[in-house]
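Subject: Structure for you to look at

Hello,

Here is the structure I said I would pass on. Please open it alongside this email, and read the notes below with it in view.

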Amino acid sequence: MDTADRIADVMRRPGAYEIRTLEQAIAFFGGFDAATGFDFLRGFREWLSRNGGDGPNLTWAYQVSRVVAGQVGPDVGEEARIAEFFRLVRTFLAAAE
């Protein structure tokens with residue numbers, strides 16, 4: 001499975017990868033980014049700061065949690081928070097192509 005297929009599979013079936021919370025999704029993608037020599041999410045932190053994040057000097061993981069909370073609100077379940085994170089990653093990857 002290539003990178004794009006693996007990421008699509010993770011987003012389609014997060015439970016199969018033991019992703020049940022936003023924090024677990026962030027950790028998984030952080031690990032995936034590290035495994036690719038930090039190429040997979042290169043520029044994500046800066047992109048987030050331009051698209052609702054708090055600033056380019058903050059980690060992307062922190063910014064994601066803030067952006068997701070702002071988009072879906074505080075009273076939603078983990079599934080909605082994970083889905084919003086995946087939407088952000090998809091949008092970023094599409095813009096980076």
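**Overall fold**

Read from one end of the sequence to the other, the protein follows the pattern α-α-α-α-α. In other words, its secondary structure comes to five helices and zero strands. Please keep in mind that this is a predicted model.

The C-alpha trace spans about 35 × 30 × 20 Å along its principal axes. For 97 residues, a compact globule would have a radius of gyration near 13 Å, and the protein has 13 Å, which agrees. Buried residues make up 34% of the 97 residues. Among contacts between residues at least 6 apart in sequence, 48% join residues at least 24 apart.

**Helices α2 and α5**

Helix α2 covers residues 22-35 and helix α5 covers residues 78-96; the two pack at an angle of about 30 degrees, with their axes 8 Å apart. Angles under 35 degrees count as roughly parallel, so α2 is roughly parallel to α5.

Which residues make this contact? From α2 they are L22, E23, A25, I26 and F29. From α5 they are E78, R81, I82, F85, F86 and V89. Sorted by type, the residues of the contact of α2 with α5 are eight nonpolar, no polar and three charged.

**Aromatic rings**

A pair of aromatic rings is described by two values, the distance of the centres and the angle of the planes. In this protein the count comes to 12 aromatic pairs. In one of them, the rings of F29 and F40 have their centres 6.2 Å apart and their planes at 35 degrees, so the pair is tilted. F29 lies in helix α2, while F40 lies in the loop between α2 and α3 (44-50), so this pair ties together parts that are 11 residues apart in sequence. Both F29 and F40 are buried.

F29 also forms a tilted aromatic pair with F86, at 5.7 Å centre to centre and with 45 degrees between the planes. Here the pair links distant parts of the chain, since F29 is in helix α2 and F86 is in helix α5, 57 residues apart.

Are these two residues buried or exposed? Buried means under 20% relative accessible area. F29 has 0% relative accessibility, so F29 counts as buried. F86 has a relative accessible area of 2%, so F86 is buried too.

E84 has its place in helix α5. With a relative accessible area of 9%, E84 is buried. Leaving aside its neighbours within four places in sequence, E84 is in contact with V68, Q71 and V72.

Y62 lies in helix α4, which covers residues 60-72. At 36% relative accessibility, Y62 counts as partly exposed. How far apart are Y62 and E79 in space? The distance from C-alpha to C-alpha is 18 Å, and the two are 17 residues apart in sequence.

Regards

Methods: Residues are numbered from 1 along each chain as its sequence is written. This is a predicted model: local features need pLDDT of at least 70, side-chain atom pairs count only at pLDDT 80 or more; totals for chains, interfaces and linings use all residues. Side-chain values use heavy atoms; hydrogens and water are left out. Axes are lines fitted to C-alpha atoms, for helices over the stretch in contact, and angles run from 0 to 180 degrees between N-to-C directions. Helices (H or I, at least four residues) and strands (E, at least two) are DSSP runs, numbered from the N terminus. Angles under 35 degrees count as roughly parallel, over 145 as roughly antiparallel, 65 to 115 as roughly perpendicular and the rest as oblique. Contact means heavy atoms within 4.5 Å. Ala, Val, Leu, Ile, Met, Phe, Trp, Tyr, Cys and Pro count as nonpolar, Asp, Glu, Lys and Arg as charged, and the others, Gly among them, as polar. Rings of Phe, Tyr and Trp (its six-membered ring) pair if their centres lie within 6.5 Å; planes under 30 degrees apart count as stacked, over 60 as edge-to-face and the rest as tilted. Buried means under 20% relative accessible area, exposed over 50%, partly exposed in between (1.4 Å probe, protein chains only). The radius of gyration is taken over C-alpha atoms; the globule rule is 2.2 Å times the number of residues to the power 0.38.
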